[in-house]
Amino acid sequence: MHYLRINGGKKLSGSVKISGAKNAALPLIALSILSKNEVVIKNLPAVSDIHTLIQLLSNLGAKYEFLDANTAKIDPRDVNSTKAIYDIVRKMRASILVLGPLLARFRHCEVSLPGGCAIGARPIDLHLSALEKMGAEVKIEQGYVVCTAKKGLKGATINFDKITVTGTENIVMAAALASGTTHIINAAKEPEVIAVCNALKNAGIDIEGIGTNEILIKGSGSELLSLNEISIIPDRIEAGTYLCAGAITGSRIKITHARAAHLGAVLAKFEDMGFKFEISNGGDEITILPASKIKPVEIITSEYPGFPTDMQAQFMALACISSGVSTIDERLFENRFMHVSELSRMGADIRLNGHIATISGGKLNGADVMATDLRASSALVLAALAARGESKIHRIYHLDRGYEKLEEKLSALGADIQRLEE
């Protein structure tokens, strides 16, 4: 098993290219199930979650080929199985994204209940109740979700009780092959959801309300789609993480191939903490400038366009060296403070009261720490970059699920970081 060894206190400089967004790539890979032709997907991040989902499609009968490290060609025409087995799905919650496409195309599917990061309950009941409204019969049998729609899915009005990103994506994909019009109310507005909607629109699906909380989709009536070549949008969470790396080390660094428009809430919190930016090349390049004093911050996580829960841990690391008391209110997941105990091992002063963390800024010291989930991993890396002395970060397979070549990118910026074998 690998771990990272980091000697902190180094200034960073230079630029780093942002990879494609994992959370946009995963639903678009699942979307290929609905295609009647080969689909080429470009700008895929070279991370383990991508390979896991493509392997799942391969198990279902799809053929695939990597044209280069970041481009895959998927041929779904020979998909002949509708059972997504536990052995793959347990590794990653996003595997549930095959549920809508498989049911829409084959009118039956069996998908194992999902696994992935242990950051609290993320139930899929909203997905299932929406599919039932579209005419599916849903059962849970021996750890599998078994869905059947003998006459195909029908358009329906889906009013989500709470905003769900993967739920919205699943139902948008299912609705694309349904008969009639599906009206999704309280839809997620994330850029990753928009990317799925745009891919469907480019394939000829009549879809309205893209980027709003109400989406109307006129289905094809079970006719498979002609999907065009897809290029994955930049990863806004990776972009925010590297901006945090510049901020926490007091360094001027530039991120390229980003999209500033997707980072509004994140950039606003950096500014609250005293950082300034230079944005160029139409918003594709962002340079963060060191702050003379890192101010404390108040953060409340919420759905897009609010502050993303996936950036909460990284900003907590930054708040650990601020000059005051910060608060982070985690509203989306009830168990997403597992990195607190590890940051405390590095000298952080953090108090928890339910879903609110209070962070008193100070100094961090190197320590042996253990990653507990994907974003917690990156928070520990950031803390180690700012800490005095050496840190070792264990269980970094979490990190490899979502960050492409992280140690290589940080090393190129001047960080003293090595991937080593336990």
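Modeller: In this predicted model, a residue is buried when its relative accessible area is under 20%. Over 50% it is exposed, and in between it is partly exposed.

Colleague: Then why does Ala104 count as buried?

Modeller: Ala104 has 4% relative accessibility. The cut-off is under 20%. Ala104 is therefore buried. The residue lies in helix α4.

Colleague: What is Ala104 in contact with, leaving aside its neighbours within four places in sequence?

Modeller: Leu34, Leu153, Ala174 and Leu177. Contact here means heavy atoms within 4.5 Å. Gly152 is another residue to look at: its C-alpha is 6.8 Å from that of Ala104, although 48 residues separate them along the chain.

Colleague: What makes Asn23 partly exposed?

Modeller: Its relative accessibility is 29%. That value falls between 20% and 50%, so Asn23 is called partly exposed. The residue is in helix α1, residues 22-31.

Colleague: What does Asn23 touch, beyond four places away in sequence?

Modeller: Glu169, Glu192, Asp310 and Arg375. Ile50 is 27 residues from Asn23 in sequence, and their C-alpha atoms are 9.5 Å apart.

Colleague: Why do you call the pair Asn23 and Lys22 a polar contact?

Modeller: Their side chains are joined at 3.3 Å. The limit is 3.5 Å, and neighbours in sequence count only if both atoms are side-chain atoms. This pair is side chain to side chain, so it qualifies.

Colleague: What makes a set of residues a nonpolar core?

Modeller: The members are buried nonpolar residues such as Val, Leu and Met, joined through side-chain atoms within 4.5 Å. The largest such core has 80 residues. Val98, Met134 and Leu153 touch the most other members. Val98 is in contact with Ala30, Ile33, Leu53, Leu56, Leu57, Ala84 and Val111, leaving aside neighbours within four places. A second, separate core has 69 residues, among them Val266, Leu267, Ile393 and Leu410.

Colleague: Why is a space called a cavity and not a pocket?

Modeller: In a cavity a 1.4 Å probe fits but cannot get out, whereas a pocket is open. Rolling a probe the size of a water molecule over the atoms shows where empty space is left.

Colleague: How many cavities of 30 Å³ or more are there?

Modeller: One. The largest cavity holds about 40 Å³. Its lining is Thr241, Tyr242, Ala245, Ser378, Val381, Leu382, Leu385, Leu406 and Leu410. Two or more of the lining residues come from each of α8 (236-248), α12 (374-386) and α14 (406-412). Helix α12 gives the most, with four residues.

Colleague: What is that lining by class?

Modeller: Seven nonpolar residues, two polar and no charged ones.

Colleague: What is the volume of the second largest pocket?

Modeller: About 220 Å³. It has 18 lining residues, and the closest to its centre are Ile248, Thr249, Gly250, Ile321 and Ala386. Helices α8 and α12 each supply at least two residues of this lining. By class, the lining has 10 nonpolar, four polar and four charged residues. Gly counts as polar in this scheme.

Conventions
Residues numbered from 1 in each chain as written. Predicted model: local features only at pLDDT ≥ 70, side-chain atom pairs only at ≥ 80, totals over all residues. Heavy atoms only, no water. 1 Å grid on protein atoms, 1.4 Å probe; cavity = no way out; pocket = protein on both sides within 12 Å on 5 of 7 lines; lining within 4 Å. Points joined across faces, edges and corners; volume = space filled by probe spheres on them. Buried < 20%, exposed > 50% of the residue type's maximum accessible area, 1.4 Å probe, protein only. Polar contact = N/O pair within 3.5 Å; in protein donor to acceptor, adjacent residues only side chain to side chain.
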